[in-house]
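Let's take a walk through this protein together, starting with its ligands and then moving on to a few spots elsewhere in the fold. Keep the viewer open as you read.

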Amino acid sequence: MTAPLRIAIAAAECAPFAKTGGLADVTAALGRALWQRGHDVRVFLPYYRRIAESGLATEPNGEAFTLEIGGREIRARLLHAALPNSKNASGFPLLVDLIDAPELFDREELYTEDPDESVRWTGFCRAIIEACQRQEWGPDIVHANDWHTGLLPMLLRRAFTWDRLFEGTRTLFSIHNLGYQGVFPADEVERMGLGEVRGQFHQERLSAGTVNLLETGLIHSHWLSTVSETYAREIQTEEHGMGLERVLAAREDHLVGIVNGVDYDEWCPSIDPHIPVNYGPGDLSGKRACRDRLLDEMNLAPDPTGPVFGIVSRMTGQKGFDLLPDILPVFLQSDDVRLVVLGSGDPDSERYFQWLRDSLPHKVGVYLGYKNDLAHRIEAGADIFLMPSRYEPCGLNQMYSLRYGTVPLVRATGGLADTVERWDPERREGTGFCFYEMTSEALHDTMRHALEVWKDREAWSILQARGMARDFSWDVQVQAYEDLYAAILAEHLG
Ligand code: ADP
Ligand code: GLC
């Protein structure tokens, strides 16, 4: 444990308050873990309409204030809400700082395509700085996450240099997904109230007519991190850099990969309140019951001789579901297997899974939408968890699956490559099934291989046991962040 630090974590998602994907899980778990290790942590999150409507208990934290952004006056205040299960050694929960600015965040969705989207996230970053100033709280580390907070390092290091409160502040910018960059027309810079620091944006890009908020974070943050070692390497290549590979490669010596942890209070079959029967590594009979109940819940035919495949995912190009149409219909018809899908997103994928369910109603169950308790029941009730991702910065579901004795079948990319070990039938080692080429054939071969291994019940038990024994808890990963924060501060003392 290093000396306690003042750490501000800024993110657009934090579970359970606002979640669309893994960013929410990571913000909550990292904040909680750092807090419980004695750091003075503040997690900043927008107070979205859905949080207000959830009836969450909040307390005002200080006076209301007005932000002036590009000539627009935006009223804001801070609210506190206790993060569940976050009590520290003194019995105090971590209080999340919710930025209540109705003009920006009282909207249907977390992310919008409204004309003032750039102003919403500028407002978020500005409100965080304002909150620190009002409370005279100078963070040692500002840990910004993804493009929504990409302006924070630049604002702190180039615009608010006059404020000695931030003199010792160092910034870490974490990339959770390079696929979302926050790109806006260059003339938004004035609307965002950033005309005076125009020179701090990537000048070539600006001349070409855009600003890129993720890139701005990459350029100005003292250090950069991403959520697995493999992804940290991949993003410096043309194949995975999404146009930012040169900027990233130029910062190679200030870029690290730290695999996400798992919150085992939330994702552990022996205590999970969302699953019908709890179970653990010693006795998997409960898993069998979870499987029966899942098939029943999804109106599928019971007792298949083959495995139940599960998918829980945002449906976007990233997740590789375009590999499925070529192989799934025949695969599902020719074997006594089931498929359970939970997800939402791109309409083509949604339509495809609906069609598949309508074609094979006894074998395929689909829930289109977001449903946390069902996600837990799929983790518990499925035998194989499918993640054919095109790219995957870290991925959490494969790690959840391992703990639930559900064998992950993944494409070996990013964090999937770092957390799933390929099953070696000779040595009987490994924790899952991996394929490498982004082709339907490669996926199909691996699914067929999994069916073969499934028939060898002893091998399957070993595979499950090995996965369940893997430990990705935050207790381990948080140490890596503590070490990184300490290294960042040490580097910049001189
Ligand atoms: P990503 O962040 O790219 O979406 P991750 O694997 O890191 O991928 O995290 C996804 C998280 O979101 C997991 O906690 C998963 O259970 C959850 N999730 C995704 N889609 C849904 C859904 N439709 N309903 C419930 N939970 C979901
Ligand atoms: C992103 C990535 C995912 C990662 C998550 C949390 O949404 O797509 O791979 O696990 O962020 O870091």
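How far from an oxygen atom of ligand 2 does a backbone N or O atom of Cys 394 lie? The distance is 3.0 Å. Bear in mind that this is a predicted model, here and in everything that follows.

Glu 392 uses its side chain, putting an N or O atom 2.5 Å from an oxygen atom of ligand 2. Pro 393 works through its backbone, with an N or O atom 3.5 Å from a ligand oxygen. On its own, ligand 2 has 300 Å² of accessible area, and the protein covers 94% of it.

Now step back to the whole shell. There are 13 residues around ligand 2, and those that come nearest are His 176, Asn 260, Gln 318, Glu 392 and Gly 395. Sorted by class, the shell has 5 nonpolar, 6 polar and 2 charged residues. Helix α1, residues 22-36, gives the most to it, with 3 residues.

On to ligand 1, which has 22 residues around it. The nearest are Lys 19, Gly 22, Arg 314, Lys 319 and Gly 369. Arg 314 reaches in with its side chain instead, where an N or O atom is 2.7 Å from a ligand oxygen. Leu 396 contributes through its backbone, with an N or O atom at 2.8 Å from an oxygen atom of ligand 1. Taken alone, ligand 1 exposes 560 Å², of which the protein buries 94%.

Which elements give two or more residues to the shell around ligand 1? They are α1, β13, β14 (338-345), α14 (372-381) and α15 (397-403). The largest share, 3 residues, comes from β13. By class, the shell around ligand 1 divides into 7 nonpolar, 9 polar and 6 charged residues. Domain 1 and domain 2 each provide at least three residues to that shell.

A search of the whole structure turns up 18 aromatic pairs. In one of them, the ring centres of Tyr 352 and Phe 353 are 5.6 Å apart and the planes stand at 65°, so the pair is edge-to-face. Tyr 352 counts as buried at 15% relative accessibility, and Phe 353 is buried as well, with a relative accessible area of 1%. Tyr 481 and Tyr 485 make another pair: their ring centres are 6.3 Å apart and their planes meet at 45°, so this one is tilted. These two tyrosines are 4 residues apart in helix α19 (residues 474-491), so about one helical turn separates them. In an α-helix there are 3.6 residues a turn, so residues three or four places apart point the same way. Both Tyr 481 and Tyr 485 are buried. Elsewhere, you can pick out one aromatic cluster made of Tyr 48, Phe 105, Tyr 111, Trp 121, Phe 124, Trp 147 and Phe 184.

Next stop, helix α8. Is this helix largely enclosed or largely open? Of its 8 residues (213-220), 7 are buried, so α8 is largely enclosed by the rest of the structure. The buried ones are Leu 213, Leu 214, Glu 215, Thr 216, Gly 217, Leu 218 and His 220. At the start of α8, a side-chain oxygen of Asn 212 comes within 3.1 Å of the backbone nitrogen of Leu 214.

Ser 174 is in strand β8, residues 170-175, and is buried, with a relative accessible area of 0%. The side chains of Ser 174 and His 143 are joined by a polar contact of 2.7 Å. Leu 300 lies in the loop between α11 (285-297) and β13 (308-315), and at 7% relative accessibility Leu 300 counts as buried. Leu 300 and Pro 361 are 61 residues apart along the chain, with 7.1 Å between their C-alpha atoms.

Technical notes. Residues numbered from 1 in each chain as written. Chains lettered and ligands numbered in written order. Predicted model: local features only at pLDDT ≥ 70, side-chain atom pairs only at ≥ 80, totals over all residues. Heavy atoms only, no water. Near = heavy atom within 4 Å. Polar contact = N/O pair within 3.5 Å; in protein donor to acceptor, adjacent residues only side chain to side chain. Areas by Shrake-Rupley, 256 points an atom, 1.4 Å probe, with all protein chains shown as cover. Nonpolar A, V, L, I, M, F, W, Y, C, P; charged D, E, K, R; others polar. Phe/Tyr/Trp six-rings, centres within 6.5 Å; stacked < 30°, edge-to-face > 60°. Buried < 20%, exposed > 50% of the residue type's maximum accessible area, 1.4 Å probe, protein only. Domains from an automatic or database assignment.
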